[in-house]
Amino acid sequence: MAEIRFEKIEKSFGNVTVIRELDLAIGEGEFFTFVGPSGCGKSTILNMIAGLERADRGRIFFDDTMVNDLSPGDRDVAMVFQSYALYPHMTVRENLAFPLRIRKTCKETMNREVDQIAALLGLEELLSRKPGQLSGGQRQRVALGRAIIRRPKVFLMDEPLSNLDARLRVEMRAELKKLRRELGITIVYVTHDQEEALSLSDRIAVLESGRIRQCGTALDLYLRPADIFVAGFIGTPPMNVVRGTVREKSPLVIDCNGRIISPLTENSPPKSDVLVGIRPDDLAVSHEQEKGSFRVTVSEIEPAGPFNWVDVIWNGVPVRGAARRDEGLVPGEKVYAVFAPENVLVFDAESGNRT
Amino acid sequence: MRKTLFYSVLLLVVGYCCGPYLWQLITSLKPDGELTALPPVFPERVTFSHYVSIFRESRFFRIILNSAAVASVTTVLSIVIGSLAAFGLAKLNLRRKGVILGFVLSVSMFPPIATVCPLYLVIRALGLRDTWWGLVLTYTTFSLPLSIWTLTGFFARIPDEIYLAARVDGCSPFQALCRIMLPVAAPGVFTAAILVFIFAWNEFLFALTLTSTTASRTVPVAIALFPGLHEIPWGDIAAASVVVTVPLLALVFLFQRRIVEGLTAGAVKG
């Protein structure tokens, strides 16, 4: 276990700056996730922790040791790759034992450790097989086993679940959580799937073009996104964003696409042009008119199981809301929508920051 | 109908490839009097006298030994150097990889006859004329483009993540090459090795120029020098040709599956 600290880390490839001024501390035993769209630099951060990529500037510490100049083998990290990266010419047993063999562990210890890990991950029956004879989930498990077998200080995972089918992914998520509880190691995880990030991590950093937009717990990011990018990235389906104009500053009154609301904000917006964020699950669409509801036209219905997502047009602006399954909405129908003003988020239109 | 066509084309191609070799084989088994008879049909009376005659002289053993030693050492050197270079080109952060590969390739573009004179002077200056090492040095140089290109292709096809995983698991780059890259690229290594071996085994021009006695003379040169002042011993030439083709055939058949794997790797998703 170790704390990982970045001090002013910068990295570019050619003329492209991938990471700018990264300052961050990942706590001992923490499950920390980097999320962001592809190309945001999240894998580069992982590779720099592993020592596969050198930082151009800045320092990386494991506890009090600066690791910039250590080779990957000397950093005591383990990594799970998206493609699993098992050694195809070795059996499962040899794959699991490889990190120990390279470190010249004695044979008995090695066999004992392999058997122990195999039992932990349910791989006992597969030890003599080659990776080519395994299913995706089994390969994933072998990759996990190979990573945890030497109890590394830091455990790095680069989109480890994204090659699995949906059901297996949910299963492996649960397994990861269990493993993590049993081993208590520092895990740094990279994914583009925000749902995965929310369900697994203690803390999440949202990256965009090499910069951390926000870093916090899953709930923080969901309820109090720092800016419009984080708000749009976290939560499925993505938040509706509607243009609004400030009518009065205190108390705040906003004309939001024709509907006058008084949302609760921490600060008052600096300019009169704002963006109002409404989560689709907060926007209820139905046939009934009630206090504060407004007219919308149904354009599309997408069943989600317990309820339906409904795409509607509100004064010319397309937004998404939720409707009860038995509401019986039909595309083209004119119905009512309503949201609670206290649940909306208000962003400055120019900077995108939340107010 | 379709099948007949297929098999007749197949037969034609096989006949085209094997025809000359079969002709040699038949010639080697004919008594001297029938050697030049056309068409080259199987003789009524089979004789092994040509085989006996080439092996009666101990020189021929020495010459086969020369060829085997030169070709094997060349193969080992070329694969060792080639795989180090190819590994660097395929997996390490090098700049101008394309330029380096192009430069390597350009070495093999010179017609051998254009390089043979300066090469002779160099080898003589090094005191390696008429030695195994003179040939090994030359062959290794000229086979390196082949092995570097073949192996670079094979290493590049191994996903980067496998190499990175080995590094994180604690391998130095060299350990990763020996323990992971080479075994995974084994079909490619076999392919490159066989191609280099065949090149070194068959090479004629340099061998003719750089050797002068049986101390280092290789098989192709020795066979070419069979003809005496007054007669050309076609039967002996044929017998010798058949004999020296056998090791190549044996190698190829032995590693047939590996080579086919190697030559077609990546052609279809496995």
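Strands β17 (residues 307-314) and β18 (residues 317-324) of chain A run antiparallel and are joined by eight bridges. Two strands count as paired if DSSP finds at least two bridges between them. Strands (E, at least two residues) and helices (H or I, at least four) are DSSP runs, numbered from the N terminus. Across this pair, Asn308(A) stands opposite Ala323(A) in β18(A). The hairpin of β17(A) and β18(A) has two residues between the strands, and Asn315(A) there takes a positive phi near 50 degrees.

This is a predicted model: local features need pLDDT of at least 70, side-chain atom pairs count only at pLDDT 80 or more, and totals for chains, interfaces and linings use all residues. Residues are numbered from 1 along each chain as its sequence is written, while chains are lettered from A and ligands numbered from 1 in the order in which they are written.

Now step back to the domains. Chain A is assigned domain 1 (4-231) and domain 2 (239-348). These bounds come from an automatic or database domain assignment. The C-alpha centres of the two domains of chain A lie 39 Å apart. Their contact takes four residues from domain 1 and six residues from domain 2 of chain A. Residues are in contact if their C-beta atoms, placed from the backbone, lie within 7 Å.

Next come the two chains. Chain A gives 17 residues to their contact, and chain B gives 15 residues. On the side of chain A that touches chain B, the elements that give two or more residues are β6 (77-80) and α2 (92-102) of chain A.

How values were computed: Contact = placed C-beta atoms within 7 Å.
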